[in-house]
Amino acid sequence: MTSFLDPLISFVSVHAWLAYLTLFLAALLEAVPVVGSVIPGSTIILALSALVPGGDLKLQWVLLAAAVGAVIGDGSAYWIGHRRQREILNTWPLTNYPRVVEESETFFHRFGTWAVFFARFVPPIRAFVPVTAGALGMAPAKFYAVNIPAILVWAPAHVLPGVLAVSAFHQYFGVPHEGHPFKHLWILTVVAVAIVAGMAIWIYRRRQNGVVATAKPRA
């Protein structure tokens, strides 16, 4: 069942820099408005964390790649919003996601500065709050004062569960890290849960949009 992952893991062990680049890009693109709603950055990070206990990847570099990618992604989105102000929220492609933009504004108005911190852990508005913060005039110093600590919490929260789960399994059962399929199972489980959760969210949003459309008075 997990044999198709063997070539991938072998490739990563030889070309680890590509895995770090993948982690960096996953974290960066997840912070880009619209794109971040499609790219499963958190899933990629959580899945690849299973390769740390066996030595295929180094923990410090995994954390650094994820954190730096998130800082650049959030910062880029913030500065786009900061330069264009509210105009960006009414510009394509954000106009195709009015509901999420509205939720991001509501989230920002409700929590204020702390919205930047909390949004890091709440998909899909995670990809919209930085640009919203910039568009609504949040000062750069205030943004980074909250955003960077949030990322320093977010990165370990996405990496360490996989590391600890795989390490605990090997320690509990006393089996070597090399050649054991648990890391394969962890990766498959993370991907499967992400797919199920994504489908559930998609169905829920479709039903919500249907209810809203039905509730609108006809002209």
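Modeller: A salt bridge is a side-chain nitrogen of Lys or Arg within 4 Å of a carboxyl oxygen of Asp or Glu. The structure holds three salt bridges. This is a predicted model: local features need pLDDT of at least 70, side-chain atom pairs count only at pLDDT 80 or more, and totals for chains, interfaces and linings use all residues. Residues are numbered from 1 along each chain as its sequence is written, and side-chain values use heavy atoms, with hydrogens and water left out.

Colleague: Why is the pair of Arg126 and Glu30 called a salt bridge?

Modeller: The closest N and O atoms of Arg126 and Glu30 are 3.0 Å apart. That separation meets the cut-off, so the pair counts as a salt bridge. The two residues come from distant parts of the chain, 96 residues apart. Arg126 sits in the loop between H6 and H7, and Glu30 in helix H2 (residues 16–30). A helix here is a DSSP run of H or I, at least four residues long, numbered from the N terminus.

Colleague: Are Arg126 and Glu30 buried or exposed, and how do you know?

Modeller: Buried means under 20% relative accessible area, exposed over 50%, and partly exposed in between (1.4 Å probe, protein chains only). Arg126 has 6%. Glu30 has 4%. Both values fall under the limit, so both residues are buried.

Colleague: What makes Asp74 and Arg120 a salt bridge?

Modeller: Their side chains meet at 3.0 Å, N to O. Asp74 lies in helix H4 (residues 59–84) and Arg120 in the loop between H6 and H7, so this pair ties together parts 46 residues apart in sequence. Asp74 and Arg120 are both buried.

Colleague: How do you know that Glu103 and Arg99 form a salt bridge?

Modeller: Their closest N and O atoms are 3.9 Å apart.

Colleague: Why are Glu103 and Arg99 called partly exposed?

Modeller: Glu103 has a relative accessible area of 29%, and Arg99 has 30%. Both values lie between the two limits, so "partly exposed" is the label.

Colleague: What makes Phe107 buried?

Modeller: Phe107 is another residue of helix H5. Its relative accessibility is 14%, so Phe107 counts as buried. Leaving aside residues up to four places away in sequence, Phe107 touches Gly112, Ala115, Phe118, Ala119, Ile125 and Val129. A contact means heavy atoms within 4.5 Å. Phe107 and Ile125 are 18 residues apart in sequence, with 8.6 Å between their C-alpha atoms.

Colleague: And what does Tyr20 touch?

Modeller: Tyr20 touches Leu57, Lys58, Trp61, Val62 and Ala65, again not counting residues up to four places away. Tyr20 is found in helix H2. At 16% relative accessibility, Tyr20 is also buried.

Colleague: Why is helix H3 called largely enclosed?

Modeller: Six of the eight residues of H3 (residues 41–48) are buried, so the rest of the structure largely encloses this helix. The buried ones are Gly41, Ser42, Thr43, Ile45, Ala47 and Leu48.

Colleague: How many cavities of 30 Å³ or more are there?

Modeller: One. A cavity is a set of points on a 1 Å grid where a 1.4 Å probe fits but cannot get out. The largest cavity has a volume of about 40 Å³, taken as the space filled by probe spheres set on the points.

Colleague: Which residues line the largest cavity?

Modeller: Asp74, Val116, Ala119, Arg120, Arg126, Val129, Pro130, Phe143 and Asn147. Each has an atom within 4 Å of a point. Helices H6 (114–119), H7 (129–135) and H8 (140–173) each give two or more residues to this lining.

Colleague: What is there in the protein chain as a whole?

Modeller: Nine helices and zero strands (a strand is a DSSP run of E, at least two residues). Buried residues make up 40% of the 219 residues. Among contacts with a separation of 6 or more, 76% join residues 24 or more positions apart.

Terms used: On a 1 Å grid over the protein atoms alone, a cavity is a set of points where a 1.4 Å probe fits but cannot get out, and a pocket is an open set with protein on both sides within 12 Å along at least five of seven lines; lining residues have an atom within 4 Å of a point.
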